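Please open the structure in the viewer and keep the sequence at hand.

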Amino acid sequence: MRLGFVTAILPELNLEEVLAIAADIGYQSIEVMCWPQGKAKRRYAGVTHIDVTTLDLSQVNHIHNLCDKYGVAISALGYYANPLTADTEESNRQVAHIQRVIDAAVMLDLKIVNTFIGRDHTKSIEANWDRFLSIWSPLIIYAEAKNIRVAIENCPMLFTQDEWPGGKNLATTPSILRKMYAAISSPFLGLNYDPSHMILQHMDVNKPIVEFAERLYH
C-alpha cells in the first residue's frame, strides 16, 4: 500500500510543485485532478493538474520524468462530477470527459480512474436507477476495453441546500453499492473508499472494507 493525497487540496500549485511537496513530507503517491479547464463553484472541484484535453506524448513523457525526479507515483486520475445530473447537456459533457480521463490513464500507463456515479438529487434512488444503468453500463464497457478500472468514491455529496434532499452521488451506502455491483458485475467498476463518509452517515467503517474487498481499488 502506498500513502498519498488528492491534488485538489493544492489547487494553486502546478503538478511539479505538488510532487515536490508530496516528496518533501514523505508521501509516496498522489491522485491527480483532471477537471476541464475553468472555475467551479464547489470546493475541490475544477482543479486541473493534468489537462486530459490536450495531453500528448511529450506531456506524458514530461509527467513520467517529474514522477521519477521526485520519487512520487500517480495512484489514479480523478474527476468528481455528476454525470447523472438532470441537465442532459451537462451530463453528456461530463460523460465525455470521464471517457477522456480514461483515455489519459491509458496514455500515462495507469490503471485507475476515480469519480462519482452522480445522482439527480431531486429524485429517489429508484427513480435514478434506470439512468444509472443507461449511463454507467456503456461507460464501464468503455473502461474495460481500455483495461482501466473505475473506482467510485462513496461520498453522499449532501452538504448544502443546493444538494438537498438526496445528495449528488448515488453510491453512498453498502446496500446501494451491493445493488450497483450486482447490476454491473464487471470487475472494472470498483470502489475508491473514504471511511469518513461512513462516519458522516453514522455507518460502520470496517464492514464495507471486508464486504467489498475485491472491489476496493483506491
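Begin by selecting Pro 165, which sits in the loop between strand E5 (149-153) and H5; helices (H or I, at least four residues) and strands (E, at least two) are DSSP runs, numbered from the N terminus. This is a predicted model, in which local features need pLDDT of at least 70, side-chain atom pairs count only at pLDDT 80 or more, and totals for chains, interfaces and linings use all residues. Residues are numbered from 1 along each chain as its sequence is written, and side-chain values use heavy atoms, with hydrogens and water left out.

Next, select Asn 147, in the loop between helix H4 (125-146) and E5. Asn 147 is not a glycine, yet its phi is positive, near 65°. With a relative accessible area of 41%, Asn 147 is partly exposed (buried means under 20% relative accessible area, exposed over 50%, partly exposed in between, with a 1.4 Å probe and protein chains only).

Proceed to Ser 186, in the loop that joins helix H5 (174-183) and strand E6 (189-192). Is Ser 186 buried or exposed? Ser 186 counts as buried because its relative accessibility is 11%. Display Ile 140, Glu 144 and Arg 215 as well: Ser 186 is in contact with these residues, leaving aside its neighbours within four places in sequence. Contact means heavy atoms within 4.5 Å.

Finally, select His 202, located in the loop between helix H6 (195-200) and helix H7 (207-211). His 202 has a positive phi of about 60°, although it is not a glycine. At 76% relative accessibility, His 202 is classed as exposed.
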